[in-house]
Each structure stands twice: as C-alpha cells, then as structure tokens.
Amino acid sequence: MSVTQQQVLDALSRVMSPRGVALPNANVLSAITVTDGKVFFSVNVDAAEARAWESVRAQAEAAVRAIPGVSVAMIALTAERKPGSASPPPVPQPHRHTSGHSHSAGVQPAASHRPPQGGQNPMSKQAEIPGIAAIIAVASGKGGVGKSTTALNLALGLRDQGLRVGLLDADIYGPSVPRLTGIHDKPQLNADRKMIPIERFGLSIMSIGFLVEEDTAMIWRGPMVMSAITQMLRDVEWGKLDVLVVDMPPGTGDAQLTLAQNVPLKGAIIISTPQDLSLIDARRGLAMFRKVNVPVLGIVENMSYFQCPHCGTRSDIFGHGGARHEAEKLGVPFLGEIPLHMSIRATSDAGTPVVDSEPDGPHAAIYRSIGARVREQLQDVIAAA
Ligand code: ADP
C-alpha cells in the first residue's frame, strides 16, 4: 500500500504547534515528498523559536512513522535567522539515536539558511563521524564538468592505494551515482535502523538516489539539502573507513557553502574543465572552501584534451593546461589531467567505472595517480585514526 501525501498531512493535523494551530496550518512546512514509503520534509522556523519546536518535530516524526507503509521519515527542523536578528542560532547538538526502533531520523536545529560568514569550520569538532578518518569533498563550480565521474573513479583510485573507501553522493539535485555504479538496490536497515551502504567495487556507497526514484523531480530548499546530507552521513552505518569521498552538489551557492561549513571535511578537490568559464567557477569553489577553512587538496582538470578512441591521437581542443596554470597561480596542488575519452563516458554510463572495468588501461592509471597524490596529503590524518 503506497503512502500518500494526504495521509501525511492527516497525521500531521493531529500535531499541535506552539502557534496554537495544527502543524499543517502553522505555515512552517516545506513541500512534503513521499516516495516509496519514504517521507521527507522540513519544518522551517525562526532560530529563536527552534527549541520550542524540537518536541513538535519529534511528535511529527512519531505521527508520520505510525502511518502504515512508512519505512523512512526524514523530518528536519531548520532554523532560519531573520536578517538583522541579534539572537545567536541554537547550539548544534551531536546527532543522537535515542531508540533502537525508530524508523526515522531527526536533524537538530543546526542549519541556518543564511550562508556562513566565514572563519572556522565551527561544527567540525562535534560533527566528526566515528570510524571515518577523513571526509573529503569533490566539488565543481558548475554542473556537467564530470565531477561525479571523477569522484567515483577517484574513490576507486584511493581503493587501489589499499585504503578503505566510501562514496557519498551528496549531489542531491541530480544524484548520478546510481547510474554511474549501476546500483538500483535500496539500502537495508540494520538493527539500529541505520541504513547499510551498498557495497560495490570494494566501496561503501550511499546516494539519495537509492532512496528516491531517479526521475522524481526534487525541489530542495537550502536547509533541507543540509538536513538530508547530514542524515546520510550520520544515519548510515559506514563502519571503518580511511576516506569518505563526498560528491558535492555542483556550484558555489548557499547550499554548497553551508555544506562545506557543516560537514567535517579534511579537504576538498575541485574539478574543472579547461574552458575559461569553468576556471572562473573553479576559483569560486576555491574561495568557498577557503572561506570556511577547508584545505583545498588540489584541482583536477577533466576533459583536459581529446583522445581519439581509434588512433589515440591527442587534440587539445579546449586549449588544455588552464587548470594547471591556475593551480600554480593560486598556490594549490595540481592533481592531474584526465582526457575526454569515449571509454570514460561509455563505462560511466554503463555503470562500470573505468578504474574498475579497465584496471590496466591508461585512464585507470591516471585516476590512481590522482588517488596517490590525495592519499599523500591525507597520510597523517589516516595514520592518526
Ligand atoms: P557532473 O557530475 O559534473 O555533472 P558527470 O560526472 O555526470 O558530471 O559527467 C557528465 C557527462 O560527462 C557524463 O556523461 C560522463 O560520462 C561524461 N564524462 C565525464 N568525464 C568524462 C571524461 N573525462 N571523458 C569523457 N566523458 C566524460
């Protein structure tokens, strides 16, 4: 029996809000997404009221959970600070699992809709994920530059360094990891109701795309993106990992900035194509990570040059080399250049990433060498874990 949005609203109408009206009438709910028994929405309130609303969020969660057919409920309480508000946002609490039988996971009132104002990565201490030595982001200034393809093959390149590696597809607007990996299974829940990542190619993989249909049009508000990603970080049984590669949503908007600030990142890698425009975007990416004190481990130039699949001839159709030059100028490491090649595209689209399906080929070697450079930079963190 499939759960409907109306059933969710009916259940929520029995939850009273601090405003003296039932929750659906309190003008605080985001759009409610119901897919395959999984319910996602957020309760958006002013930061000053957040504490009073936490119990409402919990009641809402219990009410949704009680609907027959609901398997997961992601209900986030997001606190927006009114511009000019003098009151500090509520202190973020580490995420707790209070019961062994909860289907759903709440998010603490942590994410402010306003972009962070720079400085320290304030949540990194309390937000560390036990068992994961280093979380690194793969980011790009815009979409379509091959960020996800690179993230997956880089994860495999790190695997080939003998590391235990996970991949979190946080590209919530267009999760492509199900397509790139050919994974169409739904994650199972463990006894603590944590999601078990899918094991494929020796990687532990999690994507929002495993939970919602790929063609489901999702309109995510900034705070909701953070909540969903926080839950995928914390409500997943990652086990022991040396590196968790996070495939970020493309771009450098508020959602990305909030993510960069709130996920305890040990570093970031920026993917760029050689075109000027993309390099400008890449510079924005760099600035974003620097603003929140996340070290940039380097830039990768993707689709760097065209390599003919027939004769192997190389053509620098985009005037390659821009990213290397830019990296030098900006004082960040240049991690490597990946050609635009048919077999990278074909293997990606077939769900058989090139590092795994053509391990002895030239492309696998490139991703492995990028993996080796990244590993070198994370050596101390991994050794200390
Ligand atoms: P993004 O995550 O930046 O949106 P994707 O990784 O989804 O980009 O890649 C976009 C498209 O480009 C996909 O069809 C992918 O197969 C292809 N692609 C990515 N990198 C390469 C490459 N180096 N050579 C050939 N095709 C590539």
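## Cores, salt bridges and selected residues in a predicted model

The largest nonpolar core has 88 residues, and Val245, Phe289 and Val374 are those with the most contacts inside it. A nonpolar core is here a set of buried Ala, Val, Leu, Ile, Met, Phe, Trp, Tyr and Cys residues joined through side-chain atoms within 4.5 Å. This core draws at least three residues from each of domain 1 (5–92) and domain 2 (132–384), the domain bounds coming from an automatic or database domain assignment. A second, separate core of 23 residues includes Val43, Val45, Val70 and Leu77.

The model is predicted: local features need pLDDT of at least 70, side-chain atom pairs count only at pLDDT 80 or more, and totals for chains, interfaces and linings use all residues. Residues are numbered from 1 along each chain as its sequence is written, and side-chain values use heavy atoms, with hydrogens and water left out.

### Confidence and overall composition

The predictor's confidence in each residue is given as pLDDT, from 0 to 100. Its mean for the protein is 81, and 82% of the residues reach 70 or more. Over residues 81–126 the pLDDT is below 50, although this stretch has 109 contacts in the model beyond near neighbours in sequence. Where pLDDT is low, the predicted coordinates should not be read in detail.

The protein has 12 helices and 13 strands; these are DSSP runs numbered from the N terminus, with helices (H or I) of at least four residues and strands (E) of at least two. Of the 385 residues in the protein, 55% are buried. Buried means under 20% relative accessible area, exposed means over 50%, and partly exposed lies in between (1.4 Å probe, protein chains only). The accessible surface of the protein is about 15,600 Å², and carbon and sulfur atoms account for 52% of that area; the areas come from the Shrake-Rupley method with a 1.4 Å probe. Among contacts (heavy atoms within 4.5 Å) between residues at least 6 apart in sequence, 77% join residues at least 24 apart.

### Around Phe289

Leaving aside neighbours within four places in sequence, Phe289 is in contact with Ala137, Ala139, Met248, Ala260, Leu265, Ala268, Ile270, Val294 and Val296.

### Salt bridges

The structure holds 17 salt bridges, each defined by a side-chain nitrogen of Lys or Arg within 4 Å of a carboxyl oxygen of Asp or Glu. Three of them are listed below.

| Glu61 | Arg57 | 2.3 Å |

Asp247 counts as buried at 0% relative accessibility, and Lys147 is buried at 5%. Elsewhere, salt bridges that share partners join Glu54, Arg57, Glu61 and Arg65 into one network.

Glu61 is buried, with a relative accessible area of 8%, and Arg57 is buried at 6%. Arg65, by contrast, is partly exposed, with a relative accessible area of 26%.

### Asn302 in strand E11

Asn302 belongs to strand E11 (residues 296–307) and is buried, with a relative accessible area of 5%. Beyond residues up to four places away in sequence, Asn302 touches Val145, Gly146, Thr150, Ile271, Ser272, Thr273, Pro274 and Ile338. Asn302 and Ile338 are 36 residues apart in sequence, while their C-alpha atoms are 4.8 Å apart in space.

### Two residues of helix H12

His363 is located in helix H12 (residues 362–384) and, at 4% relative accessibility, counts as buried. Apart from residues up to four places away in sequence, His363 touches Gln307, Pro339, His341, Ser343, Ile344 and Val354.

Ala365 is likewise found in helix H12. Ala365 is partly exposed, with a relative accessible area of 38%. Its C-alpha atom is separated by 8.3 Å from that of Gly157, a residue 208 positions away along the chain.
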